[in-house]
Each structure stands twice: as structure tokens, then as C-alpha cells.
Amino acid sequence: MDISWIPGDSDLLVTIVAGLVVIGGVGAALIGRNRQAPPREAPPRRDDAAATAAPTVEEAEAPEETVEAVETPEAVDHRFGRLRRRVGTTFGQSLLAIFRRGALSQDDWDELEETLLMADVGAAATDELLADLKARLKAEPDGDPRALLRAALLDVVDPALDRSLALGAPGDGELHSAIVVGVNGVGKTTTVGKLARVLVAEDRTVVLGAADTFRAAAADQLETWGARVGVAVVRAHVDGADPASVAYEAADRARTDAAEVLLVDTAGRLQNKQGLMDELGKIVRVVSKVSAPKEVLLVLDATTGQNGLTQARVFGQVAPLTGIVLTKLDGTAKGGIVLAVQRELGVPVKFVGLGEGADDLAPFDPAGFVDSLLGE
């Protein structure tokens with residue numbers, strides 16, 4: 001076997017020296033590279049990261065927590081004057097167009113009747129209005145058609161009805177309560193909130209009772225309305241609680257706080273009229289232990305027309321209604337529902353909703369309403 005490639009002693013020494021030189025050169029190169037690269041900083045510990053991090057804009061300029069200011073509702077006196085232009089005028093304009101033709105033929109009277117019915121005046125109110133118009137035209141054949149029509153409409157609306165809320169005078173030191181009823185979907189809870197604003201604008205102290213415990217959103221919605229004007233809201237602690245117990249707690253809170261007005265929002269389910277009657281009756285009884293309700297206000301959606309009258313009849317049978325609140329009157333060009341409701345129930349329209357704004361609920365003005373219908 002040839003073993004001449006194995007180095008001897010001297011060759012081994014040379015080999016070792018050469019190897020050390022190579023290793024030293026590699027090491028020097030690595031050291032030089034490390035010197036050129038900046039040293040890596042160890043990541044800060046979790047404790048130190050928050051202390052050393054640069055503040056964000058939000059952190060550096062975070063404003064102090066502010067409490068939303070309580071709103072001041074608009075004064076009530078001139079609300080209808082501001083909103084009356086929103087009352088639909090198609091109804092009145094159609095009537096005036098017929099009267100401008102001069103002597104009315106039977107076809108004109110038929111058209112007049114159809115116009116009234118299409119405007120949701122209702123059959124009974126239509127018959128009454130037509131009879132009144134014929135009598136006026138017979139008595140004043142040369143009279144101004146617009147003036148005669150205005151007088152006839154005003155008689156049907158009946159400005160002699162008392163449309164004030166029977167809730168005493170501001171500052172009388174007594175607690176007055178009101179129950180608000182109506183089917184779900186007509187804007188009942190919103191109306192309660194807007195009525196609270198009306199009362200606050202009159203410098204009254206108010207407590208709201210969220211007795212519509214079958215709609216979880218109703219109490220939340222009422223709390224929002226109350227917070228905006230600094231009004232206390234009493235609600236159930238659990239969904240589906242007894243509405244009467246909430247109403248009583250609200251009445252007791254109003255008495256404790258020496259409030260002037262209690263407004264109670266109620267559920268409006270017509271599927272079981274007997275159940276509705278029992279529920280409303282119980283609410284009235286428990287509230288009466290503190291303050292007998294002076295007002296039972298029915299909220300109706302003006303856009304539902306004759307369907308609203310059906311609802312009105314049901315509530316008229318189960319509760320002693322004292323007034324009507326017509327919502328969304330600006331959303332219909334008919335307007336005749338005002339005449340129909342009063343004729344049907346014998347109960348005055350006390351407030352009308354003429355917009356979605358917080359202060360777009362106004363006391364009903366009979367003369368202003370008729371003038372709005374006729375475009376005056």
C-alpha cells in the first residue's frame with residue numbers, strides 16, 4: 001500500500017501553520033463585518049414599551065371627557081305657525097278648483113264628494129260637510145266660494161273644542177299624569193318623547209314611564225329622548241316585565257321627585273282586545289293610587305287613513321280617550337283624517353306631528369289648519 005501522501009513531521013508543522021493563517025483570515029473578516037453593522041437593540045420589555053413609545057396624536061391631544069349639554073326645546077306658542085306650510089294642500093286646492101266653476105252641476109257635487117272621500121274625510125263627515133256647503137250656497141249664492149268653503153271646513157274641525165292638555169298650570173305644585181296609547185308603529189314612543197319636550201318648554205318638570213315592556217327598543221328610545229332634555233325615565237329591569245308595575249314605579253318616582261307631570265308610554269297590541277283592555281285598566285288603576293290620569297291621548301298615524309279610524313274605535317272602547325295626537329300629517333296630502341277622527345270619536349285633535357325634527361310636534365290650530373289646506 002502506497003502511503004507516501006502522509007506528511008512527515010516537518011510537513012505536518014507547515015500544514016498546521018497554514019491552517020491557522022486561513023482560520024485567522026476568516027475570523028478577521030467576520031469581525032470587520034460586525035464592526036460595520038450597527039448593533040441590534042434588544043426589544044424593550046413589555047413594561048418599558050408603553051413608557052418609551054412616542055405618544056400618538058390621540059394620546060397627546062385627547063380632550064377631557066365632556067358631558068352632553070341638555071337641550072332647550074323650542075317654545076310651543078309658534079310651532080304650528082312655523083310648520084303649517086307642511087300640511088298637504090292638494091285636498092283644499094281640489095275643492096277650490098271645483099267651486100271656481102261657478103254654479104255647481106250634479107256632476108260637480110259628485111266630484112266634490114269623491115274628493116272628500118279620497119282625502120280620508122270619511123263618509124259621515126263628508127255628508128255633513130256637503131250639506132253645510134249646500135246650505136251656505138243657497139243662503140249666499142253670490143258669496144265668495146273660498147270664504148264659504150273655509151267656514152264650512154272650520155265648522156267641521158270645530159274650533160270651540162278644548163284642545164289644551166288638562167295637566168294643570170306650570171308651577172302649581174301638583175302631580176298630573178297622562179297615559180299615551182296607540183298601536184305599535186304609529187310613532188307612539190317618539191310622541192311621548194316629543195310631548196316631554198313640549199312640557200319642558202313650558203317649564204314643567206317631567207317623569208317618563210316606559211311601560212311598553214314588550215318592545216325592548218321602546219325603553220331605550222324613551223331614555224334617549226329623556227336624556228336630551230334632562231327628564232327622568234323609569235323602565236323595567238327585565239324584558240317583558242309587568243307594564244303596570246313600571247307605571248306605578250314611574251308614578252312613585254314622580255311623587256318622590258315632586259315632578260309636575262307623569263307621561264306613561266304603553267304597549268299597543270290589538271290582537272287581543274280583552275287583554276289590551278285589562279292591561280290599560282290595570283295601568284290606570286295603579287297610577288291612580290298616586291295621581292289619577294287627567295289625559296288619555298291616542299296616537300294615530302295620519303297616513304293610515306281609514307285604518308286609523310278602526311284603531312281609534314278599538315281604543316275608544318277600552319280607554320276613556322281625552323285627545324288625539326296625529327303623527328306624520330306632513331307625509332300625506334289628504335289631511336281630511338283630522339275631520340274624520342273628530343267626527344268619529346267626538347274627541348279633539350290636540351297635537352299634530354308635522355316633521356321628523358325633535359320640536360316638530362305642535363298644538364293643533366283649527367284655523368291655521370284650514371287655512372293651510374286652502375293654501376292661504
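Residues 24 or more positions apart account for 77% of the contacts in the protein with a separation of 6 or more. Contact here means heavy atoms within 4.5 Å. The structure is a predicted model, in which local features need pLDDT of at least 70, side-chain atom pairs count only at pLDDT 80 or more, and totals for chains, interfaces and linings use all residues. Residues are numbered from 1 along each chain as its sequence is written, and side-chain values use heavy atoms, with hydrogens and water left out.

The protein has 15 helices and eight strands. These are DSSP runs numbered from the N terminus, with helices (H or I) of at least four residues and strands (E) of at least two. Of the 376 residues in the protein, 43% are buried. Buried means under 20% relative accessible area, exposed means over 50%, and partly exposed lies in between (1.4 Å probe, protein chains only). The accessible surface comes to about 20000 Å². Carbon and sulfur atoms hold 54% of that surface. Areas come from the Shrake-Rupley method with a 1.4 Å probe, and for residues only the protein chains shown count as cover.

Helix α6 spans residues 106-118, and helix α7 spans residues 123-139. They pack at an angle of about 140°, with their axes 10 Å apart. Axes are lines fitted to C-alpha atoms, for helices over the stretch in contact, and angles run from 0 to 180 degrees between N-to-C directions. The angle makes α6 oblique to α7. Angles under 35 degrees count as roughly parallel, over 145 as roughly antiparallel, 65 to 115 as roughly perpendicular, and the rest as oblique. The crossing of α6 past α7 is right-handed. That term applies if the near helix is turned clockwise from the far one by less than a right angle, and left-handed applies if anticlockwise.

From α6, the contact involves W109, L112, E113, L116 and L117. From α7, it involves A123, T126, D127, L129, L130, L133, K134 and L137. The residues of this contact divide into nine nonpolar, one polar and three charged. Ala, Val, Leu, Ile, Met, Phe, Trp, Tyr, Cys and Pro count as nonpolar, Asp, Glu, Lys and Arg as charged, and the others, Gly among them, as polar.

T126 lies in helix α7. This residue is buried, because its relative accessible area is 0%. Beyond residues up to four places away in sequence, T126 touches E113, L116, L117 and V121.

F364 sits in the loop between β8 (361-363) and α15 (366-373). F364 counts as buried because its relative accessibility is 6%. Leaving aside neighbours within four places in sequence, F364 contacts F80, V157, R163, V338, V349, K350, F351, V352 and F369.

V338 belongs to helix α14 (residues 337-345). Buried residues in this helix include I337, V338, L339, A340, V341 and Q342. G346 follows α14 and has a positive phi, near 70°.

Positive phi also occurs at D158, which is not a glycine, with a value of about 65°. D158 is in the loop between α8 (145-157) and β1 (176-181). With a relative accessible area of 28%, D158 is partly exposed. D203, a residue other than glycine, has a positive phi near 65°. D203 lies in the loop between α9 (188-201) and β2 (206-210). Its relative accessible area is 66%, so D203 is exposed.
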